Amino acid sequence: MAETMSPPKSRLLDGPRGSKPKSRFSRRNIFLYGTLLLVSVYYLLPLYVMVVTSLKGMPEIRLGNIFAPPVDITFEPWVKAWAEACTGINCDGLSRGFGNSIKILVPSVALSIAIASVNGYALANWKFKGSEVFFTILIIGAFIPYQTMIYPIVIMLREIKLMGSLWGLVLVHTVFGMPILTLLFRNYFTSLPEELFKAARVDGAGFWGIYFRVMLPMSIPIFVVAMILQVTGIWNDFLFGVIYTKPETYPMTVQLNNIVNSVQGVKEYNVNMAATLLTGLVPLIIYFVSGKLFVRGIAAGAVKG
Amino acid sequence: MNMNANSVEVRDLDLHFGDVKVLQKLNIDIHEGEFLVLLGSSGCGKSTLLNCIAGLLDVTDGQIFIKGDNVTWAEPSDRGIGMVFQSYALYPQMTVEGNLSFGLKNARVPKAEIEKRVARAADVLQIEPLLKRKPGALSGGQRQRVAIGRALVRDVDVFLFDEPLSNLDAKLRTDLRVELKRLHQQLENTMIYVTHDQVEAMTLADRIAIMKGGKIMQLGTPDEIYNRPQNIYVAGFIGSPAMNMIEGQIQGAEFVADGLSLPLDGYEFIGAAPASQAAVIGIRPEHVLTGDAAASVAAKAEVEVQIVEKLGSDTLVHASLGTHNLRLRMDGLSAVKAGDRITVGFDTSRASLFDASSEARL
Amino acid sequence: MSHAENPRGAERSARRPRQLFRNLNAKFASLPMILTALVVFVGGTAWTVAHSFTKSRLLPKWDFVGFDQYERLWNSNRWMISVENLMIYGVCSLVLTMVLGFTLAALLDRKIRFESAFRTIFLYPFALSFIVTGLAWQWILNPDFGLQGVVRGWGWESFTFDPLNNPDIVIFGVLIAGLWQGTGFVMVIMLAGLRGIDEDIWKASRVDGIGVAKTYVRVIIPMMRPVFVTALVIIASGIIKLYDLVVAQTNGGPGISSEVPAKYVINYMFQAQNLGQGFAASTMMLLSVIIVLVPWAYLEFGGKKRG
């Protein structure tokens, strides 16, 4: 079969040597794609199971197997998870946690990015004596287990009367987001041509002028990366939420855990899965929409600068 | 001394990064309207010096005067300088017009005045059709014109250029070089120009400062630099192919190296001619004479041709003279080939003699 | 000197400005970083370490008791189980995420079609929180309705896979979920490392007639040493923080068989009202991070200075 495809001998006296390019169904490819597909199944299975479970009624769950698609699709569990599920004495569903999470998320993301970007800019372009030392401490601090800092922060928040409030948690997220974000921005601003900064100085722009008029407009992509990083990170946080807020201000992850792992009442697996999906929805949407930028964000911590 | 004739003065300038001394007790006077080129290989401190003059680097010690003002600690924008960078450094999100007017806006120049100056700069550099475009839509040459325009609108006395042509391809570089020369003749400002390209330096400069290790090795006109290098470093740095350097002895009125003795009748010593001294003689490839010209001089030697490089306009010949390698430049049509033995003559009146230990010109 | 006739502001620009006031804006802008680094990170950690030597219970008290808290800690069954669990989880998780992550990255690097689709699938769990991850796997590993139930339903009545209710293997149940969540991240780092390798290396190895597998083992992996080290450090420091996943999936159960140190700390600080124990346990966590970090920092940065 391959012989007929070769060029006429008159044009190439010696045919090409070596093995033919492999066909699409070579053993190598079957192995390669087979493995990848198999692994994909492992990765997709939990999402699939969650979705089908959340669309079934409880009787169907008790009878059937978790992999079977729902016979009677019902959105009842979703409604219940959102508006009726109970945590303790409150039975207004996950909607409250969602609201809390949004209220925590927006100021945390804005504040942490504003502070870290200016900070990274100062570190990249306006080094002063000791600036690198503080930055090194900050980066080392990122490796310290949160557990060793949690209680002193409780005391500090109490001192400034923010313990248990949303703003206290916003502050905590700003502090703990600072190492990675500062690193991200510092590396980005360092990668911009230094001559641009010099040109702006010759043009008479100062610290803030260069930041707002020259650097900021050039750095939209890195701000988006930082935003993705922070939105998913803060949304997914459990530890700080459970420690620094009170039940009325619990973020969604904490409330979700309380709903699903509550020991009272009959377990409603379909509602639980709907609630779990609801909580995972925000980061999932961000992930699927942002694509490469998400990857860039998480890789930012891994590349040294 | 009349200070007003000097546009930029650098006094005892020191710049250290930790233990590294980038500039050492550097002094230089740059005249009003002069085109001064700072030339040297990378790491010699030429860009650092320019950045110090611009105020973009804090000096460790010493003083900088521009137009008689001590500006050592003044902000870059207050020094009366304009600067053009190697990478053009145009603000990518602003239009050409925005780039040109950014500095003026920062200085709160009235709008009408900004428009006037931008229009004038655009006219001088012939970039009017580009004013509404963003830098991304411009070619390299156009970008560099805009960058020059940004310095132009500032209406300053001193222009600083940091390797402005290095990012352009060879053809454009030649064109813009001529244009820069024309611009200098038209504007008559002081221009300080950093480059590592000796052709740029020779063609543009009124004076060249050759730097090495944070010091100025020689400051002089292109002619002086080329024909009367003050030390071995400058002699070897300028000229392509490089000057032939032969180590030997001055004995009486002759330079003697193994198997070679060159009468020094026509050579102009700086001081008195030494009677006996270890020395190095430097002879440019074009001053190694061949054919009839060789026959007419007293200093002659026979060499063996090893490599012939045809350049079209000339022929570059690498030959061996005893243990020395000798580069010589011959006519483009020369038929000499590897293995030939030819007689060469040396024009010692145009040679350079250096003290073998201090490396300074004799 | 004739410089005296300077017209404008020469007095000021001639003198070296005070070091403190130079670059004032940058210093001001760095204030949050400086405060965070010094007050929260250094100060907070030092405070906790110092108070681990006190007998603080409900409230922090400066009653020095030496190593009492540590003695109690290491005599506590719950702490020993926590440490053991973390060791098992840590070693398995490190080895498996690295091996699987690299393998997946290498497969994706073989110029395949649909690469970005596969990458998207492998990475999406990383976007989810540990709480969501833990709850999803808690459901899948549910003995009655989950995987075990399904396989039994197919007719294999004796099939047993119930890690979440078996104290001996419960930590592996957590591990499955952890791997699902985190392997994609390692894959992304590895893929970035692989992409950073010069294409010419592959050409050279083809010219030299070295096989693909051999090229990976002998050429590519040694070249990617820094990537492996970075990944290792990031994963290791993540493992020590393991908390949410356990809380959601098993809440330490059955009994205390899936407890981990981070959970021990939080429980003692905020539920058992035994702050001293919490401080001592968290100081042990810090110590383990230092043990991981210091050799790495020495290799990474100490070597550079000498080179």
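Which residue with a positive phi follows α2(B)? B:Arg108 follows that helix, and its phi is near 55°. The model is predicted.

**Interface of chain C and chain A**

- The contact joins 88 residues of chain C to 82 residues of chain A.
- About 7700 Å² is buried between chain C and chain A, and carbon and sulfur atoms account for 78% of that area.
- C:Met33, C:Phe41 and C:Trp139 together give 10% of the area that chain C buries against chain A, more than any other three residues.
- Helix α3 of chain C (residues 31–51) supplies 14 residues, the largest share of the side of chain C that touches chain A.
- That side of chain C consists of 63 nonpolar, 18 polar and seven charged residues.
- Between chain C and chain A there are zero salt bridges, while 16 residue pairs are in polar contact, both residues being at pLDDT 80 or more.

**Domains of chain B**

- The domain assignment of chain B gives domain 1 as 3–236 and domain 2 as 242–355.
- Their C-alpha centres are 38 Å apart, and the contact involves 10 residues of domain 1 of chain B and 11 residues of domain 2 of chain B.
- The two domains of chain B bury about 840 Å² between them, with 52% of it on carbon and sulfur atoms.
- On the domain 1 side of chain B, the most area is lost by B:Tyr226, B:Ile232 and B:Ala235, which together make up 53% of what that side buries.
- Helices α7 (222–227) and α8 (232–237) of chain B are the elements that give two or more residues to the side of domain 1 that touches domain 2.
- By class, that side of domain 1 of chain B has five nonpolar, four polar and one charged residues.
- The count of salt bridges between domain 1 and domain 2 of chain B is zero, and two residue pairs are in polar contact, both residues at pLDDT 80 or more.

**Domains of chain C**

- Chain C is split into domain 1 (2–51) and domain 2 (70–306), with C-alpha centres 42 Å apart.
- Five residues of domain 1 of chain C and four residues of domain 2 of chain C take part in the contact.
- The buried area between these domains of chain C is about 390 Å², and 77% of it comes from carbon and sulfur atoms.
- C:Thr48, C:Val49 and C:His51 lose the most area within domain 1 of chain C, together 76% of what that side buries against domain 2.
- Between domain 1 and domain 2 of chain C there are zero salt bridges and zero residue pairs in polar contact at pLDDT 80 or more for both residues.
- The side of domain 1 of chain C that touches domain 2 has two nonpolar residues, three polar residues and no charged ones.

**Chain A**

- Chain A holds 15 helices and zero strands.
- Of its 305 residues, 53% count as buried.
- Among contacts in chain A with a separation of 6 or more, 70% link residues 24 or more positions apart.

**Helix α2 of chain B**

- Helix α2 of chain B (residues 96–106) is largely enclosed by the rest of the structure, because eight of its 11 residues are buried.
- Among the buried residues of α2(B) are B:Val96, B:Leu100, B:Phe102 and B:Leu104.
- The buried residues of α2(B) pack against α9 (194–202) and α10 (207–218) of chain A, and also against α3 (111–125) and α4 (140–152) of chain B.

Technical notes
Residues numbered from 1 in each chain as written. Chains lettered and ligands numbered in written order. Predicted model: local features only at pLDDT ≥ 70, side-chain atom pairs only at ≥ 80, totals over all residues. Heavy atoms only, no water. Contact = heavy atoms within 4.5 Å. Buried area = accessible area lost by both parts, 1.4 Å probe. Salt bridge = Lys/Arg side-chain N within 4 Å of Asp/Glu carboxyl O. Polar contact = N/O pair within 3.5 Å; in protein donor to acceptor, adjacent residues only side chain to side chain. Helix = DSSP H or I, 4+ residues; strand = E, 2+ residues; numbered from the N terminus. Nonpolar A, V, L, I, M, F, W, Y, C, P; charged D, E, K, R; others polar. Domains from an automatic or database assignment. Buried < 20%, exposed > 50% of the residue type's maximum accessible area, 1.4 Å probe, protein only.
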